[in-house]
Structure formats: C-alpha cells, structure tokens
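Hi,

Here is the structure I promised to pass on.

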Amino acid sequence: MKKLFLLSAAAVLISTGAFAQSTVTTTGTGHAAVVQIEPEYRTRIKSYVTEHRVRPVVTKEKIIVGATVPSEVELEAVPTDWGPSLTKYRYVYSGDRVMLVDPGSRTVVQEID
C-alpha cells in the first residue's frame, strides 16, 4: 500500500512539473499543426521584432497559416528567449505579422498577432 501511494505521488509530481514547463501545445490531424503560445511568450516575440527592427519580407502572395513559404524567402532562427519549445521552428516577419514555420516542410504553423 505504501509503495502504491509513493508511486501515485511521484506520478502526480512528474505530470504537474510537465504541465508547468509546457509552452507549446501542438494539435493536428496530419496536416499543419496548430501551435498554442502562452501570452508571455507572444509579448516577448512582439518586443523582439520591434527592438531588433526586423525587416518584413515581401512576397507576391500573402503568407498565411497552412501555406508553404516560398523557397526564395529566408527563414530566420527563433531566438531562445521566445521559449524552449519554439526553437525547433523558424520564423518569417511579413505584413506586420510574425509567422512560425516548420523548417522541414516550410509550412506556416502559427501566426503571432
């Protein structure tokens, strides 16, 4: 009984810690995933773009979630202070919007507004 209690307590502590550290939740059905970003990190991203005077990319077609970013557009590395779960992505700044991009497929997975 004591072992069962200890195992249950350990499981609760581990799962609680995982939720507390979670920054990004991805959901999807095989197509482009939807990335949920906590408000704290959205603010950091907007501040970064303003402070570093990131120059927007101009393309023929509007870059939107689910679209493929043209190969001639350079994808920028996501800074670590945007959150550890976002560093696997790249970003594009276009039309006053930051777009997170899956670098493998060049698909836009999230717009930061």
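Before the rest, some housekeeping. This is a predicted model, so local features need pLDDT of at least 70 and side-chain atom pairs count only at pLDDT 80 or more, while totals for chains, interfaces and linings use all residues. Residues are numbered from 1 along each chain as its sequence is written, and side-chain values use heavy atoms, with hydrogens and water left out.

Back to Glu40 and the charged pairs. The whole structure has two salt bridges (a side-chain nitrogen of Lys or Arg within 4 Å of a carboxyl oxygen of Asp or Glu). In one of them Glu40 pairs with Arg44, with 3.0 Å between the closest N and O atoms. These two are four residues apart in helix H2, separated by about one helical turn; helices here are DSSP runs of H or I with at least four residues, strands are runs of E with at least two, and both are numbered from the N terminus. Arg44 is partly exposed too, at 36% relative accessibility.

Another salt bridge joins Arg97 and Glu111, at 3.5 Å from N to O. It links distant parts of the chain, since Arg97 sits in strand E5 and Glu111 in strand E6, 14 residues apart. Arg97 is buried at 13% relative accessible area, whereas Glu111 is partly exposed at 25%.

Now the inside. The largest nonpolar core has 17 residues, and those with the most contacts inside it are Trp82, Leu86, Tyr91, Val98 and Leu100 (a core is a set of buried Ala, Val, Leu, Ile, Met, Phe, Trp, Tyr and Cys residues joined through side-chain atoms within 4.5 Å). Strands E2 (34-37), E4 (90-94), E5 (97-102) and E6 (107-112) and helix H2 (39-51) each give two or more residues to it. H2 supplies the largest share, four residues. There is also a second, separate core of eight residues, including Ile63, Val69, Val73 and Leu75.

Trp82 deserves a click. It is buried, with a relative accessible area of 0%. Leaving aside residues up to four places away in sequence, Trp82 touches Tyr41, Arg44, Ile45, Tyr48, Tyr91 and Val98 (contact means heavy atoms within 4.5 Å).

Which aromatic rings form a cluster? Ring pairs link Tyr48, Trp82 and Tyr91, and the structure holds two aromatic pairs (ring centres within 6.5 Å, taking the six-membered ring of Trp; planes under 30 degrees apart are stacked, over 60 edge-to-face, the rest tilted). The Tyr48 and Trp82 rings have centres 5.4 Å apart and planes at 85°, so that pair is edge-to-face. Tyr48 lies in helix H2 and Trp82 in the loop between strand E3 (76-77) and E4, so the pair ties together parts that are 34 residues apart in sequence. For Trp82 and Tyr91 the centres are 4.8 Å apart and the planes at 50°, so the pair is tilted.

Finally, the strands. Four of the five residues of E4 are buried, so E4 is largely enclosed by the rest of the structure. E4 pairs with E3 in the antiparallel sense over two bridges (pairing needs at least two DSSP bridges), with Glu76 opposite Tyr91. E4 and E5 pair in the antiparallel sense over five bridges, and Val92 stands opposite Met99. Their hairpin has two residues between the strands, and Gly95 takes a positive phi near 60° there.

Cheers

Methods:
Buried means under 20% relative accessible area, exposed over 50%, partly exposed in between (1.4 Å probe, protein chains only).
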